[in-house]
Amino acid sequence: MALLQISEPGLSAAPHQHRLAVGIDLGTTNSLVATVRSGAATVLPDEQGRALLPSIVRYHADGRVEVGYPAQARQAEDPKNSIASVKRFMGRGLKDVAHAEHMAYDFADAPGMVQLRTAAGVKSPVEVSAEILKVLRQRAELSLGGELAGAVITVPAYFDDAQRQATKDAAQLAGLNVLRLLNEPTAAAIAYGLENAAEGVYAVFDLGGGTFDISILRLSSGMFEVVATNGDSLLGGDDFDQRVFCWVVEEAKLPPLNARDMRLLLVKSREAKEYLTTHAEARITARLSGGEVVDVSLSAEKFCQITQTLVHKALGPMRKALRDAGLGAEDVRGVVMVGGATRMPQIQRAVGEFFRRDPLNNLDPDKVVALGAAMQANVLAGNKAAGEDWLLLDVIPLSLGIETMGGLAEKIIPRNSTIPVARAQEFTTFKDGQSAMSFHVVQGERELVQDCRSLARFELKGIPPMAAGAARVRVTFQVDADGLLSVSAKEAATGVEASVAVKPSYGLADADVERMLRDSFEHAKEDMRARALNEARVDAIRLVEAVRGALAADGALLSAEERAALERQAAALAAVASGSDHRAIRQASEALNRATEEFAGRRMDAGVKRALAGKRIAGLDL
Amino acid sequence: MSSHFELFGLAPAFAVDAAALDRAYREIQSRVHPDRFAHAGDAERRASMQWTTRVNEAYRTLKSPVQRAKYLLELNGVDVGFETNTQMPGDFLLRQLELRETLAGANQPEALDALLAEVRQEQRLLVQGIAQLIDDSKDYAAAAGEVRKLMFLDKLAAEIDVAYEKVE
């Protein structure tokens, strides 16, 4: 039976040029940028042909910033100003940072996120991460020969809301249009699944430099569905280095070390760990600043022994993920290994024993996440035709809730809920005449609020006087496709409504982002206004293109007048966008956005109807 | 707004065709999901998020036997009163006490496996009974009582889940 063809909503029927989109793996140890070129995902190397960018940023007193290999080469000489593994500090307070006493940094405890004192001033982890992202952005723009339309940035699946928000802030600070935050194991599953046409239940075991994720996915053609995810956002290859470092200090009976020696031995410890992947013994030698010489040998067997508890730490999340998925180890058809730390033989052995099958190592564990992110970026940018693309359904890793009387956490959205998701719950007043309520938003699985992560606090004021228990305050949690939460509260019993939207306290306020942008431009001597104008223009052009594409695809949903009005407004925005007043461009963009709301709603309704119609026809064909 | 069943083109019944539900869910998601609108304007991205949120909620409700039964009873105007009505038959409560004692005494994963299998079996029987009460005899009041029992067992299953973490 011949079927009528209907184009997919959201994909413009009009031919458009290929949009430049990249996937970025912002890793603890190394970062990468990849893109899809001529249909194939490929990592973009630097001018020397190197794919990896070491995630190390060095600040100089004169404001110069070095990122990557140059910063890595001198890190032992200048430990306080050479920031490595900054990902571990994203969205974290000082008390959350493990082994802070063993780190060579000068920490400044700030409300919300820990900060670092450097020769160039106090830096937040967001700013440090933005430096890495800027280098990758420049690399991509140079290599692709144009401005990027957007980027997919990967995050560990087990990152909480604060860590995700911090990552998105860093990307915005680096001038990237974030198409999506994508979970790292999910990105790896895309790359693996497409390459191998995999179908069935797969596990992705992702042990990176600083984070551990385990995700269980159901793969079928055109579909990646995350069933459950778990992990430990403070477990990674760095911890194995740390164990070796502590062993060396003990073995060589070293006195307390200065920052330089600490960093030197840590680098040597990492080298020994990597050497032990293919050798039975590693020799660690170093000359410390006081002249002492360290010379010890670490056997592979001893290395396994001193890191046994770390390997064991990965088992709990694996069991939990399988239980949440309602599956046994025997249901898993393959285990994809991701992250440089999975090269360690003890990790390979533990995973093999747990799943009772050999892990899959046919992808480069350093690159697979960036490649998957690039493939997803290509789809999100609209470069793939309908039918060639795929659907990705991901989940939130940790439950979201609210503090109730007695310091208990009331879960509102349970972990492993498919996103986007919204859930509402009603709360009431405790005392007669209570006019305000304070809310504490938390994330985690534990019953007590003190054991969960505090995300935000806010107050709802102006509740009219009522008896205790009479007010009806409806708190709504909305998690978007990036896994980011927004919360609103509304008092509805008397018809009086008040609502408040909160941003997690660990995320940056818009004013902070603006200040950081200003700071970074003072150094770069770029003009803020030029940047604002450019961004407004890019956004406006993108919007005009999207609206015209939507009109071409689904204009039939509008009356002739409605259609003409939208066309006029799109043309008006296009005209304003060629001018030089960024505020006028923003205003015209907002006006067009408002004007298209009704049309957007109708397109979604029509899409749902077509989906069901398509299903019935498919049913007849069976 | 259409019901969750209408959304997926299904008849409003407790016995759902799981394959048809999955298929409709995927079809709709592939058209409204935010990934389809990542490069679109704000209005479309917002509409897409709202729709996808609604579709996810409807799917979650229809997938879970307890949620599906509660939703159907509400559609049929039955005040389920799960929060206020805690009256349960004596023999059921006795059986619950027994299961909870077993849980408290289980300190091996194998013991929990056995207990969980028992709970799953009782859940299956209840689900069969609820299907009969809602779809065939349309005895919604009796169904509400059985749904309450199922909720007890779901809670117990969640506690068994937590217990695994303690013994492992």
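Biologist: Which order do the strands of the open sheet in chain A follow?

Modeller: This is a predicted model, and in it the open sheet has 3 strands with antiparallel pairing. Its edge strands are β6 (65-67) and β7 of chain A, each pairing on one side only. From one strand to the next, the twist averages 20°. Read across chain A, the order is β6-β5-β7.

Biologist: Nice! At about what angle to β6(A) does helix α2 of chain A run?

Modeller: Helix α2 is made of residues 125-144 of chain A. This helix lies across β5, β6 and β7 of chain A. Relative to β6(A), helix α2 runs at about 65°.

Biologist: Now for Phe89(A): is this residue buried or exposed?

Modeller: Around Phe89(A), 28 other C-beta atoms lie within 10 Å. A residue counts as buried when that number is 20 or more. Because Phe89(A) has 28, it is buried.

Biologist: Which residues is Phe89(A) in contact with, leaving aside its neighbours within four places in sequence?

Modeller: Contact here requires C-beta atoms within 7 Å. With the sequence neighbours within four places left aside, the contacts of Phe89(A) are Val97(A), Val114(A) and Pro125(A).

Biologist: How far apart are the C-alpha centres of domain 1 and domain 2 of chain A?

Modeller: The domain assignment gives domain 1 as 237-308 and domain 2 as 400-510. Their C-alpha centres lie apart by 48 Å.

Definitions and conventions. Residues numbered from 1 in each chain as written. Chains lettered and ligands numbered in written order. Predicted model: local features only at pLDDT ≥ 70, side-chain atom pairs only at ≥ 80, totals over all residues. Buried ≥ 20, exposed ≤ 12 C-beta atoms within 10 Å, placed from the backbone. Contact = placed C-beta atoms within 7 Å. Domains from an automatic or database assignment. Pairing = 2+ DSSP bridges. Helix = DSSP H or I, 4+ residues; strand = E, 2+ residues; numbered from the N terminus. Axes fitted to C-alpha atoms, helices over the stretch in contact; angles between N-to-C directions.
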